[in-house]
Amino acid sequence: MSLPQRDAPRDAFVDLASFRTELYACLTGRRDALFELSDALLCADGPVRTLVELSLTPEYRRGHGALYGGVNRGHLDVSRLRRALVGLPLPRTAEGQLVLAVDVSNWLRPDANTSPDRLFCYTYGRGRGSAQMIPGWPYSFVAALEQGRTSWTAMLDVVRLCPWDDAIAVTAAQIREVFQRLYVAGQWQIGDPPVLVVADAGYDVTRLAFLLTDLPVEMLGRMRSDRVLYFPPPPQPPGKVGRKPKRGAEFAFEVAATQPAPSVTTATDTTHYGKAVATAWDRLHPLLVRRSALAEYPKGELPVIEGTVIRLQVDHLRGDRSPRPVWLWWSGTAATAGDVDRLWQAFLRRFDLEHTFRMLKQTMGWTTPKLREPAAADRWTWLVIAAHAQLRLARPLAEDLRNPWERPARQGRLTPARVRRGFRRLHRKTPQPTGAPKSTIAGPGRPTGTKNRHRARVHPVGKRDKPDPPLSS
């Protein structure tokens, strides 16, 4: 796909038309059925409740058999679609920095005993201590974040986590590949600010920073409040002999007595949280031991991963007058007051990704189909992401078709759901590369009175070793 320069003005309709043409080229098997399925997903009235109901929309001119045939037996060039996504206009900060967020969202399949590669997915409950582990398919997403409060993100990549995967290693490889595609597409150039990657407490942010140390990437992640880090060892007095200490003083998040005077302190008045006070301590590192991920690390000293710890304390939250502090770890050192404010505000923007997940699940029906094969689930996931990308491109073109009880949206502040509501009017003006459907006659199917004698295999749930590849004949 031919793309204009990064800083040149772009025409929104040209970007949308070009992406639709590129999406059709990415569909290499049953492309007409899959392309019209994505159009039906964008033009359907209301949330997607079942997959087969999309075959009733006017934009889908084929039958429900072709719909399921495309999802189960179609083919998608994922590499080409990934390159097309990073070539679209991406949001940046005022300094021109790209801010990416990584997170995992689960496609829960508790009753799908015949579906392979399911894992126990951690799901939050409504009450304290009511979280559950439910079988499903976890997907790791990477998205570019916008500035300010918004429900928009630019989805760039998705990978399904398999039972034999190391989640941190897969995430590091995913970030590395996304950065390489950004560099090839011209979205990041030498001399630009490093790409900031934001993660939540479920990630080992220090290990991610170590795995990505050769890239111009900064890692920012939340740490649990019971963590203990260490300062660098003090210099040895002149003339002292003996082994140099490996680490310095202890820094416990929950013990104020172990926390010296911070190197940076900032205070910011916010709209919803009162005064936000951020304090930072420089050059803190975790204690690494030879187990788990470092069990096979080469002999010798383990690496020292230094960074900056930021403590964010606000006056109040909605419904909570005594909020606990948030602890962040940044892979850089020597942070200034401007860096501290930039970092904790970027971390708050990470929660915009939760709005995208809710849009994909509740409105676009990402986890609605009851698909058996993981390959079909991956194919449907990429179709949903491609549809969401079209909504983002249509954002400046869509009309505000609001209901009588809804407030008018401000200029340029349409939500993804409202853009989808008016996408049908734009759909008529966009390229339609699919061909007309051919008339067919349904097959005879299974003879009446016979039973299916091919029982599906029941697959176990949970972590396991990678299966051996099949022997070639």
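Analyst: Start with exposure: buried means under 20% relative accessible area, exposed over 50%, partly exposed in between (1.4 Å probe, protein chains only). This is a predicted model, where local features need pLDDT of at least 70 and side-chain atom pairs count only at pLDDT 80 or more, while totals for chains, interfaces and linings use all residues. Residues are numbered from 1 along each chain, and side-chain values use heavy atoms, without hydrogens or water.

User: Why is tyrosine 297 called partly exposed?

Analyst: Its relative accessible area is 26%, so tyrosine 297 counts as partly exposed. Phenylalanine 210, at 32%, is also partly exposed.

User: What makes phenylalanine 210 and tyrosine 297 a tilted pair?

Analyst: Rings of Phe, Tyr and Trp (its six-membered ring) pair if their centres lie within 6.5 Å; planes under 30 degrees apart are stacked, over 60 edge-to-face, the rest tilted. Phenylalanine 210 and tyrosine 297 have 6.4 Å between centres and 55 degrees between planes, hence a tilted pair. Phenylalanine 210 lies in helix H6 and tyrosine 297 in the loop between strands E12 and E13, so the pair ties together parts 87 residues apart in sequence. Helices (H or I, at least four residues) and strands (E, at least two) are DSSP runs, numbered from the N terminus.

User: Why is the pair of phenylalanine 231 and phenylalanine 251 called edge-to-face?

Analyst: Their planes stand at 85 degrees and their centres 5.8 Å apart, so the pair is edge-to-face. Both phenylalanine 231 and phenylalanine 251 are buried.

User: How do you know that arginine 31 sits over the ring of tyrosine 24?

Analyst: The test is NZ of Lys or CZ of Arg within 6 Å of the ring centre and within 35 degrees of the ring normal. The charged end of arginine 31 sits over that ring, 4.8 Å from its centre.
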